[in-house]
Amino acid sequence: MSTLVNRLDSRQADFNQRLDQLLAWESVSDARVAGVVGDILGQVKSRGDAAVLEYTNRFDRRSAQTMADLVVAPEQLHAALDNISPEQRQALQVAAERIRQYHQHQLQNSWRYTEADGTVLGQQISAMERVGLYVPGGKASYPSSVLMNAIPAKVAGVDELTMVVPAPDGEISPMVLAAAAIAGVDRVITIGGAQAVAALAYGTETITKVDKIVGPGNIYVATAKRAVFGQVAIDMIAGPSEILVICDGETDPDWIAMDLFSQAEHDEQAQAILLCPNADYLDKVEASIAKLLPTLQRNDIASSSLKNRGALILVKDIADAIALSNRIAPEHLELSVTDPEALLPQIRHAGAIFMGRHTPEALGDYCAGPNHVLPTSGTARFSSPLGVYDFQKRSSIIMCSPAGASELAKTASVLARGEYLEAHARSAEYRIIK
């Protein structure tokens with residue numbers, strides 16, 4: 001086993017056990033955190049603004065007198081956009097436009113059809129009215145997350161988008177505020193933690209209750225989101241960042257090492273895995289890791305991630321790699337091979353698929369266009385990236401003609417009486433034409 005990163009061989013007898021241990025990750029909460037969050041949710045639900053103000057001043061070292069002190073005025077958002085560097089502004093605008101263009105393709109439209117007897121069936125698509133966007137603050141500054149969460153909501157037609165972002169000691173990233181301006185966020189409030197989730201879920205005197213809460217946060221935020229699910233919708237409970245690379249051994253090993261770092265630097269629990277059928281190439285990538293790791297600013301974090309949860313895995317062949325990838329169902333999958341199109345139909349489970357040697361995962365994080373909010377911890381087996389469809393609802397449309405109602409009522413009557421639901425049956429039978 002390497003001192004830098006785990007080395008596994010899919011042909012070894014204990015491989016499955018070792019891989020399961022590597023993939024294992026405990027969920028986002030524990031009893032202590034759940035207890036703290038439960039108290040905060042209860043206080044905000046019963047006391048509203050007063051509780052939010054109290055928790056914000058305590059946890060974020062603020063001295064706000066009223067909730068109005070925590071609301072960012074629209075002119076402050078536009079001032080932030082004016083004051084960031086021209087390079088930063090252009091990067092945000094380019095990314096925003098690409099994200100908007102991509103997500104416009106996801107818009108779903110209402111539809112209907114008419115049967116021979118005049119009965120009309122269909123589906124009406126409508127946007128959610130209000131959505132809350134949680135954005136991490138403090139050390140974390142993610143303007144890209146603002147764009148990725150807010151723009152699909154706006155493309156969907158959401159009426160009101162409220163962004164909450166903590167500002168510890170009163171400090172907040174100008175790029176986060178600028179991104180909010182570009183994305184068309186309607187309201188920004190500088191609160192965070194479980195109290196912000198509670199305010200969005202239950203509503204307060206200042207904050208209108210939302211229909212859905214999206215966006216990443218720490219363990220308290222994730223636990224709060226899970227607790228309020230049902231009162232409101234949520235996007236997902238996200239685990240640590242993941243990247244899995246399938247490589248044929250022909251890509252520059254420095255490129256692959258840096259691609260692995262791009263997720264390992266997120267946090268110590270992030271996971272970076274390389275699958276390759278060439279043992280010599282894995283040695284080269286390991287040498288690149290040893291060479292490049294000390295050059296990273298977040299060297300300590302990336303080192304811990306690779307040592308504890310990273311792996312270079314020798315597989316029998318590319319087919320074996322694909323089978324393992326589908327088993328892992330990674331958040332990000334890079335197909336760093338000569339002909340990625342040939343492999344694509346075999347990929348069943350992945351949040352986002354990056355095809356070819358010149359498509360690093362990092363481009364998807366910022367500006368390629370597809371959403372970077374992706375299923376983690378194997379949930380790509382049944383979940384999809386955040387998209388416009390997450391902010392749209394579907395209502396069934398049924399309009400029967402007299403003749404159509406008469407025929408359907410005969411069938412409904414039989415089924416209803418078979419379930420001993422007499423009123424159902426008689427309600428239908430009233431429509432039968434004698």
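Contact here means heavy atoms within 4.5 Å. Helices (H or I, at least four residues) and strands (E, at least two) are DSSP runs, numbered from the N terminus. The model is predicted: local features need pLDDT of at least 70, side-chain atom pairs count only at pLDDT 80 or more, and totals for chains, interfaces and linings use all residues. Residues are numbered from 1 along each chain as its sequence is written, and side-chain values use heavy atoms, with hydrogens and water left out.

Start with helix α3, residues 49-59. Its buried residues are Asp49, Ala51, Val52, Leu53, Tyr55 and Thr56. Buried means under 20% relative accessible area, exposed over 50%, and partly exposed in between, with a 1.4 Å probe and protein chains only. The cover over these α3 residues includes α2 (31-47) and α8. The axes of α2 and α3 come within 6 Å and cross at roughly 140°. That makes α2 oblique to α3. Axes are lines fitted to C-alpha atoms, for helices over the stretch in contact, and angles run from 0 to 180 degrees between N-to-C directions. Angles under 35 degrees count as roughly parallel, over 145 as roughly antiparallel, 65 to 115 as roughly perpendicular and the rest as oblique. On the α2 side, Asp39, Ile40, Gln43, Val44 and Arg47 make the contacts. Their counterparts in α3 include Ala50, Glu54 and Phe59. Just after α3, Arg61 takes a positive phi of about 55°.

Now the sheet. It is open, has six strands in the order β2-β7-β6-β5-β8-β9, and its pairing is mixed. β2 (71-72) and β9 (233-234) stand at the edges with a single partner strand each, so one side of each has no neighbour in the sheet. Two strands pair if DSSP finds at least two bridges between them. β8 (residues 212-214) and β9 pair in the parallel sense over two bridges. Lys212 has Ala233 in β9 as its bridge partner. Helix α8 (residues 193-202) packs on the sheet and touches β5, β6 and β8. The direction of α8 makes about 175° with that of β5.

The largest has 41 residues. Leu133, Val146, Leu147, Met163, Val188 and Phe391 touch the most other members. Elements that each supply at least two residues of this core include α5 (86-104), β5 (130-134), α6 (143-156) and β6 (160-164). A second, separate core of 30 residues includes Val37, Ile40, Leu41 and Leu200.

Ile301, Ala302, Ser305, Leu306 and Arg309 are buried. They cover an arc of only 125° around the axis, which puts them on the same side of α12. The arc is that of the directions from the helix axis to the C-beta atoms. The face turned away from the buried side carries the exposed residues Asp300 and Lys307. Among the elements covering the buried residues of α12 are β1 (6-9), α10 (253-264) and β12 (311-314).

Two loop residues close the tour. Asp169 lies between β6 and α7, with a positive phi near 60°. At 46% relative accessibility, Asp169 counts as partly exposed. Ser377 sits in the loop between α15 (361-366) and β15 (392-399). Phi of Ser377 is positive too, near 55°.

Technical notes:
A nonpolar core is a set of buried Ala, Val, Leu, Ile, Met, Phe, Trp, Tyr and Cys residues joined through side-chain atoms within 4.5 Å.
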